[in-house]
Amino acid sequence: MVINKVRKINHKESQTRKNEAASDKMIGKWVKCEACKEILYKEDVHENLSVCPVCGKHFRLSSRRRIAQIADENTFKEIASEILTKDPLKFKGYLEKVNALREKTNLQEAVTCGTCKIEGEKCVLAVMDGNFLMGSMGSAVGERITIAIETAIEKRLPIIIFCVSGGARMQEGIISLMQMAKTSAAIKRLQDAGLLYISVLTDPTTGGVTASFASLGDIILAEPDALIGFAGPRVIEQTIKQQLPEGFQKSEFLLEHGFIDKIVERKDMKHTLGKLLKYHK
Amino acid sequence: MKTAWERVEIAREAERPKALDYIENIFDEFMELHGDRNYGDDKAIVGGIALLGNIPVTVIGEQKGKSAKENIERNFGMPEPEGYRKALRLMEQAEKFNRPIITFIDTPGAYPGVGAEERSQGEAIAKSIMEMAGLKVPIICVVIGEGSSGGALAIGVGDRIVMLENAIYSILSPEGFASILYKDSTKAKEAAENMKITAEDLQKLGIADHIIKENDDFEKITQSLKRYIIKNLKELQKLSKDELLVKRYEKYRKIY
Ligand SMILES: [Zn+2]
């Protein structure tokens with residue numbers, strides 16, 4: 001019965017999303033801020049790092065734009081780009097879905113890793129992307145992140161991981177779950193090597209990613225108002241049969257409960273990371 | 001040959017032996033130790049020191065109840081952060097005193113509640129997984145019933161992964177899987193078949209190292225598990241601490 005309710009909500013949500021997409025198209029150059037409802041000129045939002053110029057809402061960012069915002073110009077060199085899913089469960093329809101997404105997003109997977117400089121400081125940078133199956137962690141994401149961590153160990157560099165994830169990649173079942181162990185074991189080696197790991201949590205970071213590398217940074221930063229948690233809010237509401245309080249599982253909530261070091265606005269992110277890298281030189 | 005769904009039902013049976021039943025039958029003595037030294041004592045996870053023959057080992061188990069009353073007390077085997085933190089505390093104690101660790105996995109998942117999130121279920125699980133990867137003592141993990149999601153893996157990183165014949169190990173429940181991927185939770189049976197969650201599947205996927213055959217005689221099952229544990233601890237104890245950790249790393253590193 002509970003599940004039926006969820007299905008209905010899901011259905012309703014996808015309808016609203018469709019309607020919004022349609023109205024976006026009609027307005028063309030204009031977009032409505034989902035937080036303050038203000039109608040904004042798309043160019044302005046883009047120029048403002050995809051942050052609402054009126055209310056400061058941080059919109060979701062593609063990995064490509066994130067890398068452009070964080071890495072010094074022309075310093076990002078991608079690694080592990082050849083790592084793709086092997087569809088370990090031979091799950092019906094999965095590869096077709098992945099291929100269609102590759103076409104649509106021009107991404108090969110939900111994370112892009114490489115080496116770069118940030119304010120002149122060399123580091124390994126991994127950036128997840130919510131446009132690719134909700135940034136879910138399957139075998140390729142786990143493998144790429146692990147290679148990134150191992151690269152940091154090998155080259156004795158600090159590593160920064162920008163997280164955004166709906167959790168595990170369902171279509172890869174238990175192999176997906178095991179990526180939590182693989183990536184966390186690599187972080188353990190990184191720690192033993194005395195190297196810096198900065199984890200940056202962005203909207204949304206949930207499930208298996210929260211319960212592995214995202215929560216293991218020496219320093220954990222978050223963008224404002226990002227949803228961060230292990231269980232999704234809907235699952236919790238079903239379990240406790242109550243509505244969750246406003247602001248539950250948001251960055252500010254985590255800061256208050258002592259689970260992140262600092263909330264950093266997008267405009268300050270690069271400089272904050274640059275400073276942290278310099279502190280640990 | 002049972003279907004995956006039949007095994008799900010068996011794995012969840014109320015009267016199926018729980019962690020404490022295995023602990024009682026395999027070990028000669030068991031002294032339970034409590035609390036995470038920080039917040040509380042989560043009854044969904046039991047832990048302590050046991051004697052395997054005359055060797056002290058540390059034992060951790062996710063504990064479901066057999067009756068409604070017991071299940072309420074044990075929160076249906078769904079641990080909260082302090083459960084995982086207690087487990088980690090006891091496992092680090094095991095490392096200090098050079099005791100091998102045996103874990104018994106049986107959970108529908110980590111508890112999805114308000115308090116659990118306030119105290120960071122995610123951090124508790126992540127930390128446990130990471131630290132288990134580096135503990136310098138042999139670890140054997142046994143999936144005895146339902147091994148579901150990060151809540152199972154949190155005490156499931158080790159040198160040997162063993163599954164009972166009718167145990168399951170999955171990314172989440174077939175019901176949850178069906179409602180996410182098929183948008184229909186009533187397709188749980190179909191989901192179970194496609195998810196590859198049985199002991200046999202897990203062995204084929206290279207995750208389970210060994211399957212313990214089940215029959216009606218619980219004594220026989222526990223004796224067979226006990227023999228496996230003794231034999232494998234002997235093998236693992238021959239390795240140097242560095243070799244042990246390298247092998248454990250490789251075990252997970254190759255899963256792709
Ligand atoms: Zn706004």
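P204(A) lies in strand 7 (residues 197–205) of chain A, where strands (E, at least two residues) and helices (H or I, at least four) are DSSP runs numbered from the N terminus. The peptide bond that leads from D203(A) to P204(A) is cis, with omega near -15 degrees. This is a predicted model, in which local features need pLDDT of at least 70 and side-chain atom pairs count only at pLDDT 80 or more, while totals for chains, interfaces and linings use all residues. Residues are numbered from 1 along each chain as its sequence is written, chains are lettered from A and ligands numbered from 1 in the order in which they are written, and side-chain values use heavy atoms, with hydrogens and water left out.

Most residues other than glycine have a negative phi, and most peptide bonds are trans.

A search of the whole structure finds seven aromatic pairs over all chains, where rings of Phe, Tyr and Trp (its six-membered ring) pair if their centres lie within 6.5 Å, and planes under 30 degrees apart count as stacked, over 60 as edge-to-face and the rest as tilted. One of these is edge-to-face, because the rings of F91(A) and F177(B) have their centres 5.7 Å apart and their planes at 75 degrees. F91(A) lies in the loop between strand 3 (77–79) and helix 4 (94–105) of chain A, whereas F177(B) lies in helix 8 (residues 174–181) of chain B, so the pair joins two chains. F91(A) is buried at a relative accessible area of 10%, and F177(B) is buried at 0%. The rings of F248(A) and F253(A), with centres 5.0 Å apart and planes at 65 degrees, also form an edge-to-face pair, and both residues are buried.

Chain A as a whole has 10 helices and nine strands, and its C-alpha trace spans about 50 × 45 × 40 Å along the principal axes. Buried residues make up 54% of its 281 residues.

Conventions
Buried means under 20% relative accessible area, exposed over 50%, partly exposed in between (1.4 Å probe, protein chains only).
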